[in-house]
Amino acid sequence: MDVDPAPLFFKCVDLTPDQHVSWHLLKRDGSNNDEISLLNVAVCLRGEFCSSLLTGAAAERSDDGSSVLKIFSPAVLESLSITCRAFDSITTYSTTYMTDYTCNLAIRSHAIEGCSSDSPMDVDPAPLFFKCVDLTPDQHVSWHLLKRDGSNNDEISLLNVAVCLRGEFCSSLLTGAAAERSDDGSSVLKIFSPAVLESLSITCRAFDSITTYSTRYMTDYTCNLAIRSHAIEGCSSDSPMDVDPAPLFFKCVDLTPDQHVSWHLLKRDGSNNDEISLLNVAVCLRGEFCSSLLTGAAAERSDDGSSVLKIFSPAVLESLSITCRAFDNINTYSTTYMTDYTCNLAIRDNPTLGCGIEPNQDQTMYTAGCEVENIYILSRHYTCQFIKLAEDGTEEEFGNSTFMLVEEPRPVTGICSIQFPSTEYSSLIVRLHPNEVQDIADLRV
């Protein structure tokens, strides 16, 4: 029989009026799983009231020849089986006079949808939905976040997020959070608050009595959380993202279809480095085209839940950070409805080239090559274009080369080269794309 932490009902049937009834749980004790004991839960003596032998349990007899056990105790979650024992004599209480009806139990470990006992649930700064299932209509429900406080990571507190009282509307206890109850026995929490990004776990608490609100009447369904620290692809919380004067691509991922998206640069203004402003770059409204708010920038939305910003503007080279802002309501555009994904920027100079042309040993072939230094952006596709000058001074492409990065602590070095059989060209122009920096490769005698 499947059981979970919600209050449970067990019904023992086909009892005779002259039988006593007792209820028992077979459970594992202590840290050693080989230690098993029989826990007395409740007893109903013939012709008398039932008595509870376990806190959080209650039994009763019915005229239809049955006994019902209702159990709130967490002891059921450590149990292997439930037993209804029918017996004739309270004094001789032995195997001669009793019969056991036993049912093995299969414990459900979680009641927060999508949560696994094997690994934490991934969450990020986007609005989040948590669903608590298998609730009974007579239960109240509250939501809580277990979070670290202050600069001391050892300080932990339980943050009240929302509560739904039985038969009443749900109330939010945290700005940027909203909960609701459904007829399917579930409660859904939607949370915009950044408090979730400092939290260790999310808890859905089911309880029966708002007045006695104690362990006897409540059950916690808890799911550990694994926080995704960034939603700008390639950005790390450990170090800033490298940018240089070449055209740049930024990708904001894990967006929901109902979100608007805007891009911003935090930059220093004027000669006073203490003056900082937020520069609007582009905006993509839900279901509409994207608009550029800065010359030399363009944004787009994709069906994969991402937004890409391409920026040529030199404004990025005066900026401290890039921000992708996801928000739900263009009218109220406030902290309640928006989440910022920010990545700090490290401004780098263009790579530098050192080029030359050399013959091979038998001088039948020549190699034009360059060593490209100070490469910071390893994800970029670099190419070297070799160019010869025609007699009229116009450029003619001589060919594109192979490009290889030499892995070492950043900045790294790249090597590009091309071979040709003729000695006609003692000098070539070499241009590095996409940074558009160039050097002259001369024949080395």
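This is a predicted model: local features need pLDDT of at least 70, side-chain atom pairs count only at pLDDT 80 or more; totals for chains, interfaces and linings use all residues.

**Strand pairs and a pocket**

Next I followed the two strands. β12 and β17 (residues 187–191) run antiparallel and are joined by five bridges. I then looked for the rest of the sheet and found three strands in the order β12-β17-β16, an open sheet with antiparallel pairing. β12 (128–132) and β16 (177–181) are the edge strands; each has a single partner strand, so one side of each is left without a neighbour in the sheet.

My second stop was a hairpin. β35 (residues 427–433) pairs with β36 (residues 437–442) in the antiparallel sense, over six bridges. One of the pairs I checked is leucine 432 with valine 437 of β36. Three residues lie between the two strands, and in the turn glutamate 436 has a positive phi of about 60 degrees.

Last, I turned to the largest pocket, with a volume of about 460 Å³. It has 22 lining residues, and Met241, Asp242, Phe249, Ile377 and Ser379 are the closest to its centre. The elements giving two or more residues to this lining are β20 (241–243) and β21 (248–252), and β21 gives the most, with four. I sorted the lining by class: twelve nonpolar, five polar and five charged residues. Which domains does the lining draw at least three residues from? I found domain 3 (231–347) and domain 4 (352–442), each giving at least three.

Notes. Residues are numbered from 1 along each chain as its sequence is written. Side-chain values use heavy atoms; hydrogens and water are left out. Two strands pair if DSSP finds at least two bridges between them. On a 1 Å grid over the protein atoms alone, a cavity is a set of points where a 1.4 Å probe fits but cannot get out, and a pocket is an open set with protein on both sides within 12 Å along at least five of seven lines; lining residues have an atom within 4 Å of a point. Grid points are joined across faces, edges and corners, and a volume is the space filled by probe spheres set on the points. Ala, Val, Leu, Ile, Met, Phe, Trp, Tyr, Cys and Pro count as nonpolar, Asp, Glu, Lys and Arg as charged, and the others, Gly among them, as polar. Domain bounds come from an automatic or database domain assignment.
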